[in-house]
Amino acid sequence: MAINLNKHLMAFIDVVHFGSFNEAAKHRDMPASLLSRNIKQLEKNLGLTLFNRTTRSVSLTDAGKDIYHLALQARDLEQQINQSAQNRNHVQGGHVKLTCAAHLSERIVLPAIAQVRQRYSNITFEVDYDDRRVDMIKEGFDLALRVWKPEDTTLIGQKLSDSRLMVVASPAFLKQHGQPDTLQQLASLPAACYARHGLVRDTLRYYQNDQLLSLKLNIGYRSSSADSLVQSAKAGLFYTMVTNHNLGDAISRGELVALFSHIDFAAEDPVYAIYPNRDLSFAARQLLEAIKQAFTASNA
């Protein structure tokens with residue numbers, strides 16, 4: 001039988017996470033008044049005031065911050081104990097829910113799933129191909145693959161692979177427009193760039209004599225999909241700049257040509273695996289290890 005952490009302490013963790021008593025109560029499917037009584041009982045038992053309360057907001061006291069960090073450790077320990085027992089007493093299977101960008105499907109995610117399925121046919125998978133910022137706990141994700149390090153200190157981030165910026169064009173594009181000899185010549189050629197939620201990557205940043213310089217591009221197509229940028233380049237409509245993870249086998253197949261590969265472009269954010277806590281389920285651990293191997297093979 002699984003052990004259970006004190007329900008008052010778990011309610012306290014939820015209030016901090018959701019930022020309000022009402023939202024925490026909805027998550028726990030209980031009346032807000034009952035949750036509030038649980039928190040008051042916890043404060044009484046501890047002899048501490050954990051929250052500063054106003055009619056519009058709730059925030060942690062200094063004592064509350066200390067208790068919150070300890071409560072997270074206690075919750076993680078509880079999960080580790082229960083997971084250890086589950087792994088020993090149950091069939092090695094389960095369900096894993098992952099979120100990642102669509103361009104990682106063919107070369108990373110599907111090969112990893114195939115590898116796991118060969119060993120554990122009773123593990124099932126659910127993948128949300130989207131690079132939006134998700135609430136992993138609220139939306140029930142076990143893993144996320146993201147090209148940025150998590151800023152939320154309650155999440156775990158594990159670096160999987162470095163990212164390298166590449167400027168690419170199709171042979172047909174180069175035949176029509178000519179092979180550029182200098183970066184400055186790119187400024188007059190039609191380009192495709194990434195754009196989402198007000199972020200437009202229409203500037204190429206590069207180093208010259210240890211100085212970081214920038215070049216404004218002539219953007220003819222903006223897209224929130226890296227796959228679409230690559231497809232537009234393959235079609236000969238534009239040249240584009242994407243990371244090496246976006247390209248797949250396009251260069252080795254001759255569909256795209258890397259331009260100015262000798263230039264030192266500004267560093268891109270690495271790819272991270274992000275998860276809510278270190279106590280991953282058996283299924284999630286197997287998928288994460290397979291994803292690591294897929295990145296290693298992809299970078300070889």
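Biologist: What should I keep in mind about the model and its numbering?

Modeller: This is a predicted model, in which local features need pLDDT of at least 70 and side-chain atom pairs count only at pLDDT 80 or more, while totals for chains, interfaces and linings use all residues. Residues are numbered from 1 along each chain as its sequence is written, and side-chain values use heavy atoms, with hydrogens and water left out.

Biologist: In what order do the strands of the open sheet of three strands stand?

Modeller: Strands of a sheet pair through backbone hydrogen bonds, either parallel or antiparallel. Here the order is S11-S10-S15, with antiparallel pairing; strands are DSSP runs of E of at least two residues, helices are runs of H or I of at least four, both numbered from the N terminus, and two strands pair if DSSP finds at least two bridges between them. Strand S11 (211-216) and strand S15 (264-265) each have a single partner strand, so one side of each is left without a neighbour in the sheet. Strand S10 (residues 203-208) and S15 are joined over two bridges in the antiparallel sense, and Tyr206 stands opposite Phe265 in S15.

Biologist: Which residues are the closest to the centre of the largest pocket?

Modeller: Rolling a probe the size of a water molecule over the atoms shows where empty space is left. Of the 33 residues that line the largest pocket, Asp131, Val147, Trp148, Tyr194 and Arg201 are the closest to its centre; a pocket is an open set of points on a 1 Å grid over the protein atoms alone, where a 1.4 Å probe fits, with protein on both sides within 12 Å along at least five of seven lines, and lining residues have an atom within 4 Å of a point.

Biologist: Which residues have the most contacts inside the largest nonpolar core?

Modeller: In soluble globular proteins, nonpolar side chains tend to be buried together. The largest nonpolar core has 28 residues, and those with the most contacts inside it are Leu98, Leu143, Leu145, Leu160, Leu287 and Ile291; such a core is a set of buried Ala, Val, Leu, Ile, Met, Phe, Trp, Tyr and Cys residues joined through side-chain atoms within 4.5 Å, with buried meaning under 20% relative accessible area (1.4 Å probe, protein chains only). Helix H10 (282-299) is among the elements that give two or more residues to this core, and H10 gives the most, with nine residues.

Biologist: Is Val230 buried or exposed?

Modeller: Val230, whose place is in helix H9, is buried, with a relative accessible area of 3%.

Terms used. Buried means under 20% relative accessible area, exposed over 50%, partly exposed in between (1.4 Å probe, protein chains only).
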